[in-house]
Amino acid sequence: MTNNDVLRSVRYMLQLNDAQVVAILALADTEVSEAEVHSFLKKDDEPGFRACPDVVMGYFLNGLIFQRRGKSEDAPEPSIERKMTNNIIVKKLRVAFDLKTTDILEILKLADFAVGQSEIGAIFRKPGHKNYRECGDQILRNFLKGLTMKVRPSASKPA
């Protein structure tokens, strides 16, 4: 999935406007204008669309962690990855929403996507570990869909 897709999904899930997205980015000590955020949220084929850089996505996810869990003076700041992967996105969302592996399995089940606990555990391993597994777009997409259903139950019911 692209960073833009993830940003749009999280924005929808949490019902954020452009100013709130900018505020979340500011929590991670970075400045992005509302106009830039607006261009990241456009569809790929719309005029004015801009690809969301990995660094901006990293700042956004760290800001989301700070917004939802608070900024700890004792704990070191989460790192900003220069290359964002689906595994990193899932890890940061897991921290932001305070999820355990069993919670992630339930969230995926909400999206009618079944995976085993060992498969989820492999996603959270370090690259290079013998049991490490790359998180595919399908898992991330269904995780975001299920998380939206959990966070916004009314959004998953047909009108």
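## Helices α4 and α5

Axes here are lines fitted to C-alpha atoms, for helices over the stretch in contact. The model is predicted. In it, helix α4 spans residues 54-69 and helix α5 spans residues 86-96. Their axes come within 8 Å and cross at roughly 15°. Angles under 35 degrees count as roughly parallel, so α4 is roughly parallel to α5. The crossing of α4 past α5 is left-handed.

Which residues of α4 and α5 meet? From α4 come L61, N62, L64, I65, R68 and R69. From α5 come I89, K92, L93, V95 and A96. By class, this contact has 7 nonpolar, 1 polar and 3 charged residues.

## Helices α1 and α8

Helix α1 covers residues 3-14, and helix α8 covers residues 137-151. The two axes come within 9 Å. They cross at roughly 10°, which means α1 is roughly parallel to α8.

On the α1 side, the contact uses V6, S9, V10, Y12, M13 and L14. On the α8 side, it uses L140, L144, L147, T148 and V151. The contact of α1 with α8 has 9 nonpolar and 2 polar residues, with no charged ones.

## Aromatic rings

How many aromatic pairs does the structure hold? The count is 0.

Two rings have an arginine over the face. R152 lies over Y12, at 4.3 Å from the ring centre. Y12 is also one of the α1 residues that meet α8. R94 lies over the face of F124, at 4.1 Å from the ring centre.

Terms used. Residues numbered from 1 in each chain as written. Predicted model: local features only at pLDDT ≥ 70, side-chain atom pairs only at ≥ 80, totals over all residues. Heavy atoms only, no water. Axes fitted to C-alpha atoms, helices over the stretch in contact; angles between N-to-C directions. Helix = DSSP H or I, 4+ residues; strand = E, 2+ residues; numbered from the N terminus. Parallel < 35°, antiparallel > 145°, perpendicular 65-115°, else oblique. Left-handed = near helix turned anticlockwise from the far one by under 90°. Contact = heavy atoms within 4.5 Å. Nonpolar A, V, L, I, M, F, W, Y, C, P; charged D, E, K, R; others polar. Phe/Tyr/Trp six-rings, centres within 6.5 Å; stacked < 30°, edge-to-face > 60°. Lys NZ or Arg CZ within 6 Å of the ring centre and 35° of its normal.
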